[in-house]
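Have a go at each task before you read its solution.

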Amino acid sequence: MKRRNHWVLFAILLLALINLSPSETSTLTNSEDRGEAEPVAPQNREADKEPGRIAVAVQMSEAEFDDLQRLNQKVMDETGMQVELTNLKADHDLEAIRQKLELGESPDVLLLNNTWVRRLASYGYLLPTESYYPGSLAGDVLSASLAQNEWNGYTWAVPLDIDPYVWVYREDLLKAENLKLPSSPEEWQQLLAKQKTRTSPSFLITFDYGDPYAALSLTMQLSGKTGSGGASSVFKLTKETGEAVKRLDALRPYLLPSGSDTAGQNVWSQLSAGKAVFGLVQWSEAHRHHSPGLQIVFPDRAISGEMWITGRSYAVTARTGNGEAAGRWISAMTTQVQQRQWFELTGNLPVHKILYQQAEHGGVPGGIPPSLMNGKGTPVPAGTEIPGNMDKYASITAAFLKGGLGLQAYLNELSSLGL
């Protein structure tokens, strides 16, 4: 009888020890930029898949996807890996991606807009690069690209390319009108005063009113801000930002919408017809439409102020069962050789600094300011709140530019948003 009691007591103690053991299925707490939680093993992690076989989901044009498939085939041939590429529909925004991850419908690797990385990392949907990427990113990659992927002391995605906003203009038109592209708030003020006395062309700047990053780039140029002291300070209404918004209000009669707001008229047709002096677009678009006589200017952030820098990065999802294989594939797809080939095929700018330092050998375009390469100036804001705030900013800014919202009402809306 005593022996039986001993066995019962032993079983109870064993069960108690099992219940007190730390679980391997804990995950990051869903949060904003709290800065304390550390990444641990994610919930419901899938069983390990066949070694060397991964699924990758991207979101890009059909032409880019064809180029990506060609580069991926080379990597598969060289490494023996099996990689299933999927091109997501254009309507897959951040919320659509988040829902897929929430439902467990996640590939091993996602190609993300950099502004999404921190948000998804804060939800616990991504793995830190330190757990799968064999190389080093710090010092080798443009800080403007890498900054948006850093959160909570970790890096959460490996940059693929960048696409900064740039100015474009017809050189002959500027010479004929005796104009130059402003590089300070004072020069913008002088151009605005001169524009009031001119009749042709009647508009100064053309850009897509539906693109909040273009509008924000213009506002930052008008402020001349070269340092802001915080990752989310773009959403803070400062004295400089307030003055820039007033200049933007004064510029409104001389702004010409393009893209979705103009029944087929784009920046290039507007410039070609001489309807506007300057165009504000992403580099990739300027590269595709470049022609003799058309100048593309990368503003020096350390002198004339910030311009938004978009970009994309590869991230490994927390539910992957093949993190090591995913890391090897990402590493192979983002080497300097692959970066140069990606640029040659698509025109998308690379993220490796050395390709800019050796531009004459690598085919990267000249005229890129040192501030983009050496990290001077403030990195593009990267807080987890950026995607949601940009949606709100897009709505109120489009209304302001179209005349549906007055200056003071717009400033009030920006103040409540935190701009």
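Of the protein's 419 residues, 51% count as buried (under 20% relative accessible area with a 1.4 Å probe, protein chains only; over 50% is exposed, and in between is partly exposed). You're looking at a predicted model, where local features need pLDDT of at least 70 and side-chain atom pairs count only at pLDDT 80 or more, while totals for chains, interfaces and linings use all residues. Numbering starts from 1 along each chain as its sequence is written, and side-chain values use heavy atoms, with hydrogens and water left out.

**Exercise 1.** Find His352 and decide whether His352 counts as buried or exposed.

*Solution.* 
- Step 1: go to the loop between helix H14 (336–346) and helix H15 (353–357); helices here are DSSP runs of H or I with at least four residues, numbered from the N terminus.
- Step 2: check the accessibility. His352 counts as buried because its relative accessibility is 13%.
- Step 3: skip neighbours within four places in sequence, and look for contacts: Asp140, Thr334, Thr335, Gln336 and Gln339 touch His352 (contact means heavy atoms within 4.5 Å).

**Exercise 2.** Describe how helix H2 and helix H13 pack.

*Solution.* 
- Step 1: pick out H2 (residues 62–79) and H13 (residues 323–333); their axes lie 10 Å apart, at an angle of about 115° (axes are lines fitted to C-alpha atoms over the stretch in contact, and angles run from 0 to 180 degrees between N-to-C directions).
- Step 2: list who meets whom. From H2 come Leu68, Leu71, Asn72 and Val75, and from H13 come Trp329, Ala332 and Met333.
- Step 3: sort these contact residues by class, and you get 6 nonpolar, 1 polar and no charged (Ala, Val, Leu, Ile, Met, Phe, Trp, Tyr, Cys and Pro are nonpolar; Asp, Glu, Lys and Arg are charged; the others, Gly among them, are polar).

**Exercise 3.** What lines the largest pocket?

*Solution.* 
- Step 1: count the lining. There are 50 residues, and Asn113, Tyr165, Tyr213, Gln282 and Thr310 lie nearest the centre (on a 1 Å grid over the protein atoms alone, a pocket is an open set of points with protein on both sides within 12 Å along at least five of seven lines, and lining residues have an atom within 4 Å of a point).
- Step 2: find the top contributor. Helix H4 (residues 114–122) gives the largest share, 5 residues.

Conventions: Helix = DSSP H or I, 4+ residues; strand = E, 2+ residues; numbered from the N terminus. 1 Å grid on protein atoms, 1.4 Å probe; cavity = no way out; pocket = protein on both sides within 12 Å on 5 of 7 lines; lining within 4 Å.
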